[in-house]
Amino acid sequence: MEPDQLNPEQLQAVRTLHGPLLIIAGAGSGKTRVITHRIAHMLDKHIPQNQILALTFTNKAAREMEHRVKELTGRKLTNLTVSTFHSFGLQILREQATTLGYAEHLSVYDSTDSQSLIKESARELDMDFDSAEIQTIASLFSAVKNGQRDFEGFDENIQTLYREYNEHLKLFNGVDFDDLIVKPFELWTNFPEVLQLYRDRYRYILVDEFQDTSLSQYRLVKLLALEHRNLCVVGDDDQSIYSWRGANYRNIQEFERDFPERVEIKLERNYRSTGNILSAANALIRNNQNRKSKQLKANKAEGGAIEIHYPENETAEAEFIVRTIKALFVRENRPYSDFGILVRTNSLTRNIEMALLQDKVPYSLSGGTSFMERKEVKDVVSYLRTLLNPADDIHFLRILNTPRRGLGKAVLEQIYRTSRNRGLTAWEAAQLLARPGHSPLTNRAAADLSILLDQLSVFRERLGSGIGRKNAEIVRDLLTDIRYENYLYEENSSTRAAEWRWQNIQHFVQFLSDWESDSQNDYPALSAFLNRMTLDNREDEGEKGRGSVSLMTIHSAKGLEFPVVFVAGVEDGILPHARSVEENQEGFEEERRLFYVAITRAQQKLFLTCCQNRRTQKGSETCTPSPFLQEIPPHLLKTVENYDTFQQGEAEKMFESLKKKLGI
DNA sequence: GTAAGGCCCGTTTTT
DNA sequence: CGGGCCTTAC
C-alpha cells in the first residue's frame, strides 16, 4: 500500500474516535494500518494511553499491533494495553484475586491440564471414561461454561462431574481457559464497584478480528464499554473461521442491536492481492448464504494465473512445493520469507517439513504441538506448579513417577484412596503414606515416596513465594537433583530425540532466566511466568530474521500475508474437512471461508496443490479434488506440471546469483 | 508390584 | 508419532 495515504473510508475510520464504531474490513483492506493509525490519532488528540484497551485474538496479533503502533508514533507507550482476551482476563483475575476468593498465585490450566483434572474428578466419583470421551466432555464443559449450551440430553452424572471439576479447580487455585473470560464477567456483574473501576480506567476499547470473538468475550467487552460507549470493533464475517469455539457472525448482529447509534464503515478496497487472486476469492465466497454482501475491489494489476498442480501423492506434493520455492528463490531473487505454505490440519505439515529439511530450506513452523505442550516441558512445569502450590493434585500426581522412581500404579491407587477417604489433598495423603510402618505401602515404596517428598519440600522452601530473580538457578538445581537429563536418555530410544528434548528444557530455563532478568518486568513471580507461557505459545523466533519459509495451518495464517502462497491438500475431505461437514449445516460454509482466508493471504502468486493419491492411516486412498475448486472461474486457473524446468543457461544464472548471495 | 516392550488407537481448527 | 493398554519379565 502507498505509504502514508489513507483512502476516504480508512480516514473516516481513523478519525471516528467517539461512540460505537463497526468497521467491516475485507481481506487485505489495510485493516491493521487503520487500527494503528487510529490509535496514533487518539494519542494525538491527547487521549491518555492508559485509557486505551486493544484486544486481539492471538498473541501474535497483539505483539504485531503493539509493535506497529510504537513504530508509527515513535513512542514507548508503556501504559497502552494491547492484549488478547485471555491475557486481559488473567490480568483482571490477578488484580482481583482476593475479591474472588483466590490465593495469590493462580495457575492457568491449559486444555490438557483440564482434561487430566476431569479424568481425576471422574475417578473420584467412580466414573470411568476413555480419552475420547474425556475430550467430548471437556468440550461440553467449555460450551456450558461459555453459555453456549446446557446439559440437556446428558446424564445427570455429567453435571455432578462438572461441579466436581470446578470445585477441584478452585481448590487447586487454578483457572481454565474459559474461566479467564467467564470469571471476570461474573466479577463485574457481582461487584459493580469493581466494574466501575475498570470502566473508569478503559474508556476507549478496540476489538480486532471481531468475527472470531466468542459470545462470552463479546459480553465481557460490552459490559465494560456500556458506559462510555467508545467501542470500536473491526471484523470481516467472511473470515469467521472459529465458530466451533463459539465465535459467530451473530456477534456482529448483537453489536448492531446493543449499539444502535453506531457508525458503520466498510473497507472494500483490497491492497494486497493481484486482480486474479482477488477475483477467485470473490467468486468463491459469493457461494456463501450467510454473509454481509460486499465485493472487494482490486487495487493491483491482474497478475498471473493461479497455478494448480496435481501431484501423484503427498511426497510428490511436498517436493513440488519445495522445488518451486527454490526456483523462485533463484529466478526472482526472493527471500525465503516471501513464501507461506498453508494447510488445513497440523498433520499435513509433516511431509512438507521433511522435504524442506531435506533440501535445507529454512522454515519456521507455527502451530502444531506447541512448546508448552511438549511432554518434557510439561514435566518441568508440573514440578514448579507442585512446588508453588502443594494442593495442586493434578501436577503433583503427574510428577510422582517422572522420572521413574518406583512409584507406580499401586502407590497412585493408595494415594487416591487415602485422599478420598480422609478428605486430604494428594500431597497430604502422600505424606501420610510415606511414614513407614503405618502405611499400606511396601517399605520400599514408602521410602521412595518419602525421599521424593523431602526433595520437593527442600526445593519448595528455596523457591519461597516464587517471587525473585534467581528462580532459574533453582530450577536448574532441581533438574540436576532429579536427574532429569538421564531420564530423557533412558526413555528415548534415540539419543537425538533425548538431546532435542533436553534442549527444549534448557530453552525453557533460559526463557525463565531472561524473563526474570528483564528490568522492565515489575512482577517476576514464577507463577506469572508459567501462566504467561501457557497463554502465549511463542515459538522460537530465531530463524525469522534471516528469512525463512512459513509453514502453518490456515487458522494460524489469519491476519498474515505473503507474496507467494501455497495451499496444500486442496482435496475433498481435507478442505472441506470431512469432520467439519458432517458436524452441522454451517460447517461447509465455514470451510469455504477457510479456503477464502487461505487464498487471500497471497499477494502476488498463488499455488494450489491437490494430490491424486494420499496415504492415510490405512493405506493409500484416491483423492477427489476439493469441490471449492469448481467455484473458481476456470480462466483464472492454470494447471502446471512442473515449475523447475530450467531453460538453457538458467542453471548458470542460478549459480551466479547463488554465489552473489553467499558473497563469494 | 514395578518396568519395559509391543500393539492399536485415533489425529480439525486454538486460547 | 504419541499415548493408553496389554503382556511378559524381573
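Figure 1. Because five of the five residues of β1 (residues 21-25) are buried, the strand is largely enclosed by the rest of the structure. On β8 (residues 263-267), β1 pairs in the parallel sense over five bridges, where two strands pair if DSSP finds at least two bridges between them. Within that pairing, Glu264 of β8 is the bridge partner of Leu22. The pairing of β1 with β7 (residues 231-235) is also parallel and runs over four bridges. Here Ile24 has Gly235 of β7 as its bridge partner. Helices (H or I, at least four residues) and strands (E, at least two) are DSSP runs, numbered from the N terminus. The model is predicted: local features need pLDDT of at least 70, side-chain atom pairs count only at pLDDT 80 or more, and totals for chains, interfaces and linings use all residues. Residues are numbered from 1 along each chain as its sequence is written, chains are lettered from A and ligands numbered from 1 in the order in which they are written, and side-chain values use heavy atoms, with hydrogens and water left out.

**Figure 2. The surroundings of Glu209.** Glu209 lies in the loop between β6 (204-207) and α10 (215-225). Its relative accessibility is 9%, so Glu209 counts as buried. Residues up to four places away in sequence aside, Glu209 touches Lys31, Phe57, Val234, Lys558 and Gly559; contact means heavy atoms within 4.5 Å. One of these residues, Val234, falls within β7 (residues 231-235), a strand that pairs with β1.

**Figure 3. Pro563 in strand β15.** Pro563 belongs to β15 (residues 562-567). With a relative accessibility of 12%, Pro563 counts as buried. Its contacts, leaving aside neighbours within four places in sequence, are Arg334, Asp338, Gln603, Gln604 and Lys605. The C-alpha atom of Pro563 is separated by 6.5 Å from that of Phe339, a residue 224 residues apart from Pro563 along the chain.

**Figure 4. Helix α23.** Nine of the ten residues of α23 (residues 526-535) are buried, so the helix is largely enclosed by the rest of the structure. The buried residues are Leu526, Ser527, Ala528, Phe529, Leu530, Asn531, Met533, Thr534 and Leu535.

**Figure 5. Thr425 between two helices.** Thr425 is placed in the loop between α17 (409-422) and α18 (426-434). The relative accessible area of Thr425 is 16%, so this residue is buried. Apart from neighbours within four places in sequence, Thr425 is in contact with Ala391, Asp393 and Ser419.

**Figure 6. Chain A as the setting of the close-ups.** Chain A has 27 helices and 19 strands. Its radius of gyration is 27 Å, close to the 26 Å that the globule rule gives for 664 residues, so chain A is as compact as a globular protein of that length; the radius is taken over C-alpha atoms, and the rule is 2.2 Å times the number of residues to the power 0.38. The C-alpha atoms fill a box of roughly 85 × 60 × 55 Å along the principal axes. Of the 664 residues, 54% count as buried. Among contacts with a separation of 6 or more, 79% are between residues 24 or more positions apart.

Technical notes:
Buried means under 20% relative accessible area, exposed over 50%, partly exposed in between (1.4 Å probe, protein chains only).
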